[in-house]
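These are my notebook entries on a structure that I looked through chain by chain.

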Amino acid sequence: MTIASLGLVLLTIIGAATPLLFAAIGELIAEKSGVLNLGVEGMMLAGAVVGFAVTVTTGSSLLGVLSAAFAGGAMAFLFGVLTLTLAANQVATGLALTIFGIGLSALFGTGFVGVPVTPLPKLAIPGLSDLPVIGPLLFGHDALVYLSIAATAAVAWFLKRSRPGMILRAVGESDLSAHSIGYNVIAVRYYAVLFGGAMAGLGGAFLSLSYTPMWAEEMTAGRGWIAVALVVFASWRPWRALLGAYLFGGVTILQLYAQGAGGFGIPAQVMSMLPYLATVLVLTIISAGPWKGRLDAPACLGKPFRPSN
Amino acid sequence: MRLRPAINLRIEARRETSRVLLYVTPVAAVILTVLTGLVLFVFMGYAPGPALYHFFVSPLLTLYGLSELLVKAAPLIMIGVGLAIGFRANVWNIGAEGQLTCGAIAAGGVALALWGDAGFWILPLMGAAGIAGGALYAAIPAFLKTRFDVNEILTSLMLTYVATLLLSTLVYGPWKDPTGFNFPQSRMFTDAAILPILVDGTRLHVGTMVALLIAVAGWVLLTFTIIGFQIRVVGQAPAAARFAGFSRPRLIWLCLLTSGGLAGLAGTFEIAGPIGQLVPAISPGYGFTAIIVAFLGRLHPLGIILSGLVVALSYIGGENAQVEVGLPQAVTGAFQGLLLFFLLASDFVVRYRVRLAPAVAG
């Protein structure tokens, strides 16, 4: 394998990792506030179809990306009303959000299957982007790739260093204490869930506008669920989520290349199982390993909270 | 200065959940879904009257339509009962779709291996293989959960994608019909591997009756047996269950094997019933939709018979409305999601009471 083709592989890995990173970082914030939202897949699909439809109809990818984030947020708001305001079971509501998102996005996207779209423009930096190998690898992406990495850094700083970040963690670790010292637990969780939805929406938009610029029903193919798994893998730490997303991007791309190279006699479908099997394997290792006790799941994760009057 | 409302709404938890509301709210959720559907149809530019009629009414007016309702409800009921047992004990198997697929692969393997043979024992053997296939596939998340404490939601779901790919590997590869013009499907099963039809001119097969029996058996299990009692206690009062020394791992195994086995049997009935061979997609998402069925039936096996029929209507109504008024098939999925939303939202009034209270002075 030449250096140039290695560069090309790395480039596609970044593409496969970015949607996972967006969704995982968003889910990480929601979970840190104590909310387990299993509707990531549905929110990603909402973002993918709305981002695609708005870009096609208005011709503006900026508008498309913004409305994708909005669509993800709207789905998340629905989840918030049910689980936060009405104290419904988070697991069941998350499943409902995914089922609803699959159906609604298919319905909304009926007229957009097979329609071409202009992919997100690559941000080229004159001079730097033309460097061999490193140029396209570091300086030749569209804005969403950089945004996903910037979001990781911002979330890491927010959780560790900022005051609102500490409040968010307090709400996720001990909702009753946070409530009794005067923080509005429900409001904090709404913000966190909405952020999670917007990020999932962006991840979906990256799929339908950059990674594979098209709309197809259920095009996320389980990425929303893999993102939920990544948060566990990352032990709720943003930079580890980035590492995880790139590892999974790597698995996805390598099996694609192996398929392309003839697959060593292994059927293509068996190769396609790899990312899913890898998720199961990684979850097992992370749950069983010697670091088991230090997984750091937020103490109130998944528990409904209703302030008593 | 803030204006105070003249009346305060006070929300308080009910001491006991309201039995009446518990069973009235699913009906309300169905009605709200239909009303939302009405609005949705108008927004999409369809005349609401005919769209509603062809979705919810006309499928029920013919014998064939009614028989199809049962054919579609059967897998939903079987899987829904299995899932409900698990959900009651807080075991979240959401990979029933994968277990259905694996059951179908196992049963289909038997049918293909015995292709051309005749004998009354072929169908029972396929049923046993289907149950075993689904249960074994559910044993993976059960093992990982009990041994390593791996979240069963994520593992069972990931394995669903793997099962679908496995089925596709087989029907595109070794199990492809040698005389099938290279289509990705197995041979048509011979008569000995096809479920008997109950009513001529319909697809109503014996499996639909088995599904009803399974629901009754599930009700007996939950209501009258020690195991059923343990399942209910674990779900409602986990601390009490620990105190009483109920084995959590044993219940996890039980719930996953039961729900997996039932999903596998449902997959068997699909390929030995309406489909008659192995194809890349054997279920329009029954395994996922059964989650909605389980909740809509209030995790009660007899309630699940009713909810299975209601949700089955969303499938045949969707198909019918597509033919009659050109409604996109995807409406079905959106309806099913909406239904679960309304149901979960309505739970609020089951558990909480909203009271009008006079404003606090000051």
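I began with burial: a residue is buried if 20 or more other C-beta atoms lie within 10 Å of its own, exposed if 12 or fewer, and partly exposed in between, with C-beta atoms placed from the backbone. By that count, buried residues make up 50% of the 309 residues in chain A, and 51% of the 362 residues of chain B count as buried.

I noted the ground rules before going further. This is a predicted model, in which local features need pLDDT of at least 70 and side-chain atom pairs count only at pLDDT 80 or more, while totals for chains, interfaces and linings use all residues. Residues are numbered from 1 along each chain as its sequence is written, and chains are lettered from A and ligands numbered from 1 in the order in which they are written.

**Confidence**

I looked up the scores for the model and found ipTM 0.88 and pTM 0.90. For chain B, the mean pLDDT (the predictor's confidence in each residue, from 0 to 100) is 89, and 96% of the residues score at least 70. Within chain B, confidence is lowest in strand E1, residues 7–13, at a mean of 69, and highest in helix H4, residues 96–113, at 97. I kept in mind that where pLDDT is low, the predicted coordinates should not be read in detail.

**Overall form of the chains**

I took helices (H or I, at least four residues) and strands (E, at least two) as DSSP runs, numbered from the N terminus. Chain A has 13 helices and zero strands, whereas chain B comes to 13 helices and two strands. For chain B, the radius of gyration, which is taken over C-alpha atoms, is to be compared with a globule rule of 2.2 Å times the number of residues to the power 0.38. Chain B has 23 Å, close to the 21 Å that the rule gives for 362 residues, so chain B is as compact as a globular protein of that length. For the 309 residues of chain A, a compact globule would have a radius of gyration near 19 Å, and the value of 20 Å for chain A agrees. Along the principal axes, the C-alpha atoms of chain A fill a box of roughly 65 × 50 × 40 Å, and the C-alpha trace of chain B spans about 85 × 60 × 35 Å.

**Two helices**

How far does helix H9 of chain A reach from its first C-alpha to its last? Helix H9(A), residues 185–211, has 27 residues and reaches 37 Å, close to the expected 39 Å, where the expected span is 1.5 Å times one less than the number of residues. I found 23 of the 27 residues of H9(A) buried, so this helix is largely enclosed by the rest of the structure.

**Where the chains meet**

I counted two residues as in contact if their C-beta atoms, placed from the backbone, lie within 7 Å. The contact between the chains takes 38 residues from chain A and 40 residues from chain B. On the side of chain A that touches chain B, the largest share, twelve residues, comes from H4(A). That side divides into 27 nonpolar, eleven polar and no charged residues, with Ala, Val, Leu, Ile, Met, Phe, Trp, Tyr, Cys and Pro counted as nonpolar, Asp, Glu, Lys and Arg as charged, and the others, Gly among them, as polar.

**Single residues**

A:Ala69 sits in helix H3 of chain A, residues 61–85, and is buried, with 24 other C-beta atoms within 10 Å. Leaving aside residues up to four places away in sequence, A:Ala69 touches A:Gly47, A:Ala198, A:Gly201 and A:Leu202.

A:Ala221, in the loop between H9 and H10 of chain A, has a phi of about 50 degrees although it is not a glycine. A:Ser235 likewise has a positive phi of about 50 degrees, and lies in the loop between H10 and helix H11 of chain A. With 15 C-beta neighbours inside 10 Å, A:Ala221 counts as partly exposed, and A:Ser235, with 15 such neighbours, also counts as partly exposed.
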